[in-house]
Structure formats: structure tokens, C-alpha cells
Amino acid sequence: MKKSKRNLIIIVAVVVVLGAFIGIKELVLNNNHPQPEADAEFHRPVRSELYAKYAAIKSSNKIGLIVISYEGQCCPSTKEFLDKYNRQANQLIQKYKNQVSALFIDIGQLGNEQKNELTRIANEIGATRLPSLAILKKDGKLHQLFTGPFDINTVGNIIWKLSQS
């Protein structure tokens, strides 16, 4: 038990350091390359649209699923963990695509303005660690926040129950 907790702490620390490194790289290089448009399964925001997409999900009268994660390169064990995490999030969104409105925030793709918007979103949902998955009720209020690994069946059951109300 102590070893798995220690491993989780190490993974979270690596992700935080990686996020800081990416932020520094962004500041140093002033990367102004355009971001990809949103794809079908996730809203993937382009610059300065992040909070607007979050606000649209909150007011959509649908269950909201907000995923804050990372999809870039990192050490093998962290990459394996995040790849599994992101696959599970994608599976949930696909399975419940008619019940949820989802926003996937890849911290590695954020510009400086979006990082400020992410901070605002994270404060609103109470996310303090990566990765995080927030479930919003149909009224836009937070129902539950998962930080770190989540059980796909537990989250699926919560979405199903919320969709019945």
C-alpha cells in the first residue's frame, strides 16, 4: 500500500515538473503556433476559447465532463499511466456521448492566456493535481472530482445516475 502511494506521489510530481517545464518553454520560446481545432470526441480549444467552452458546458443542461490531463512525451511510466487515463476518459465520453458535454484540457497544448483560463477553471472545480476529471451536474455545479486514477465503472455509474434525473 505504501509503495503504490509513493509511486502515485512520484507520478504526480513528475507531471507537475513536466507542466512547469512546458510553461517555461512556452515563455522562453513565445510559441505562437496555431492550435488544432476541436475534434469529434473532445472539445480541444484553440487559443483564448478555453473558458468560453467550459462556460458553454456548464450552461448546456447536460452532464459536464471536464478532463485535465497531458498527452505529450514524458518518462515511460508516467506516459503509460497518462495514456491509460486518457483512453479511459475517451471511452467514457464515447459511451455517454448523448448524455455528456465534454472538455479535454491537454496542459501541454496551452498558451499563456489559456494557462490563466485553466487556473480559473481548476479553481472553480477544485482541481489541484493532474490528472483530474470533474463531473458536473446538468445545472453546471460540481458533482464530483476525481484526481489521479479513477474507476471507469464508478464514473460511468455516476454519469448514468445523473442522466436519469
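What follows is a short chat about one predicted model.

Biologist: What should I know before reading this?
Modeller: The model is predicted, so local features need pLDDT of at least 70 and side-chain atom pairs count only at pLDDT 80 or more, while totals for chains, interfaces and linings use all residues. Residues are numbered from 1 along each chain as its sequence is written, and side-chain values use heavy atoms, leaving out hydrogens and water.

Biologist: How many helices and strands does the chain have?
Modeller: There are five helices and four strands; these are DSSP runs, numbered from the N terminus, with helices (H or I) of at least four residues and strands (E) of at least two.

Biologist: Where is Glu-117?
Modeller: Glu-117 sits in helix H4, residues 112-125.

Biologist: Is Glu-117 buried or exposed?
Modeller: Glu-117 is buried (under 20% relative accessible area; exposed is over 50%, partly exposed in between, with a 1.4 Å probe and protein chains only). Glu-117 has no salt bridge, meaning a side-chain nitrogen of Lys or Arg within 4 Å of a carboxyl oxygen of Asp or Glu.

Biologist: What is the nearest side chain of opposite charge?
Modeller: For Glu-117 that is Arg-120, 7.2 Å away. Lys and Arg count as positive, Asp and Glu as negative; His and the chain ends are not counted.

Biologist: How many salt bridges does the structure hold?
Modeller: Four. One of them joins Lys-58 and Glu-124 at 3.1 Å, N to O. That pair links distant parts of the chain, with Lys-58 in helix H2 (residues 50-58) and Glu-124 in helix H4, 66 residues apart.
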